[in-house]
Amino acid sequence: MNGWLRAAMLIPVLLAGCAEERPQIPPDRAISLLATGAPMLRCRQECLEAWRKAQPHAAALEAGAQWHDLAILVATVNYQDDLSLYYLGRAAQGLRFPLAAESYYRQSADLSGTTISCENLSGLCGGVQLPRAALSRLASLSARPPARHSRSTGHREPPEPPPPILQASPTPAPLPVAPPLPPEAAPVRQPSRPDADEFIEPPAASR
């Protein structure tokens with residue numbers, strides 16, 4: 001049995017005693033409406049009793065990460081306050097509708113502190129610190145880079161890391177060039193003269 005069907009079976013029990021004219025969102029439309037991020041909760045005072053019965057179960061669904069069931073329960077009860085909008089944000093985030101989640105977190109933060117906030121009207125805030133929790137999750141979604149979709153499979157892929165920064169190698173300094181050597185001087189040739197030891201006496205003159 002899938003999640004939305006289980007939630008649909010629980011909702012009549014949780015909403016027993018409510019007026020039949022109470023506005024409702026059909027369970028089969030809850031997820032498609034959730035994905036848009038548009039305002040979808042319209043009921044307040046006339047749905048308060050139903051929300052008081054459903055809120056503990058909504059908190060349990062959030063703790064168990066049962067996002068389909070949580071979205072269907074909150075949408076069907078249709079009670080509007082900052083806590084129910086926060087639950088819609090959690091369901092949208094868990095179902096990977098980040099833009100819708102941002103929208104519901106903003107709507108939750110906008111209602112906090114007003115006369116219809118969980119603190120002032122229902123008295124049920126489920127242990128959630130509002131608007132701090134909504135603003136914290138909104139900031140984490142806004143700071144996250146968008147996921148890239150694969151064209152072949154349709155799955156989300158993590159963003160590609162930036163290319164490394166290449167640093168140019170420093171130009172090596174030119175090596176010093178040794179000055180050219182002077183041409184080798186040719187040896188100086190001394191004028192030849194007869195050796196004294198080899199002198200030959202001329203012959204004596206005839207008388």
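Student: How many salt bridges does this predicted model hold?

Tutor: The predicted structure holds two salt bridges. One of them joins the side chains of Arg90 and Glu62, and Glu102 forms a salt bridge with Arg106.

Student: Why is the contact of Arg90 and Glu62 called a salt bridge?

Tutor: The term requires a side-chain nitrogen of Lys or Arg within 4 Å of a carboxyl oxygen of Asp or Glu. The N to O distance for Arg90 and Glu62 is 3.0 Å, so the pair meets the criterion.

Student: Which parts of the chain does the pair of Arg90 and Glu62 tie together?

Tutor: Arg90 belongs to helix 5 (residues 82–94), while Glu62 belongs to helix 3 (residues 48–63), so the pair ties together parts that are 28 residues apart in sequence. Both Arg90 and Glu62 are buried.

Student: What makes the pair of Glu102 and Arg106 a salt bridge?

Tutor: The closest N and O atoms of Glu102 and Arg106 are 3.8 Å apart. Since the cut-off is 4 Å, the pair therefore counts as a salt bridge.

Student: Where do Glu102 and Arg106 lie, and how are they separated?

Tutor: Both are in helix 6 (residues 98–111), and because they are four residues apart, about one helical turn separates Glu102 and Arg106.

Student: Why is Glu102 called buried, and what is Arg106 called?

Tutor: Buried means under 20% relative accessible area, and Glu102 has 13%, so Glu102 is buried. Arg106 has 41% relative accessibility, which lies between 20% and the 50% limit for exposed residues, so Arg106 counts as partly exposed.

Student: How many disulfides does the structure hold, and what is their pattern?

Tutor: There are two disulfides. Counting bonded cysteines along the chain, the pattern is 1-2, 3-4.

Student: How do you know that Cys43 and Cys47 form a disulfide?

Tutor: A disulfide requires cysteine sulfur atoms within 2.5 Å. The sulfur atoms of Cys43 and Cys47 are 1.7 Å apart, so this pair qualifies. The torsion about their S-S bond is about 95°, so the disulfide is right-handed.

Student: What makes Cys43 and Cys47 buried?

Tutor: Cys43 has a relative accessibility of 0%, and Cys47 has a relative accessible area of 0%. Each value is under 20%, so both residues are buried.

Student: Why is the link of Cys118 and Cys125 called a disulfide, and what is its handedness?

Tutor: The sulfur atoms of Cys118 and Cys125 are 2.1 Å apart, within the 2.5 Å cut-off, so the pair is a disulfide. With 100° about the S-S bond, the link of Cys118 and Cys125 is right-handed. Cys118 has 1% relative accessibility and therefore counts as buried, the limit being under 20%.

Conventions. Residues are numbered from 1 along each chain as its sequence is written. This is a predicted model: local features need pLDDT of at least 70, side-chain atom pairs count only at pLDDT 80 or more; totals for chains, interfaces and linings use all residues. Side-chain values use heavy atoms; hydrogens and water are left out. Helices (H or I, at least four residues) and strands (E, at least two) are DSSP runs, numbered from the N terminus. Buried means under 20% relative accessible area, exposed over 50%, partly exposed in between (1.4 Å probe, protein chains only).
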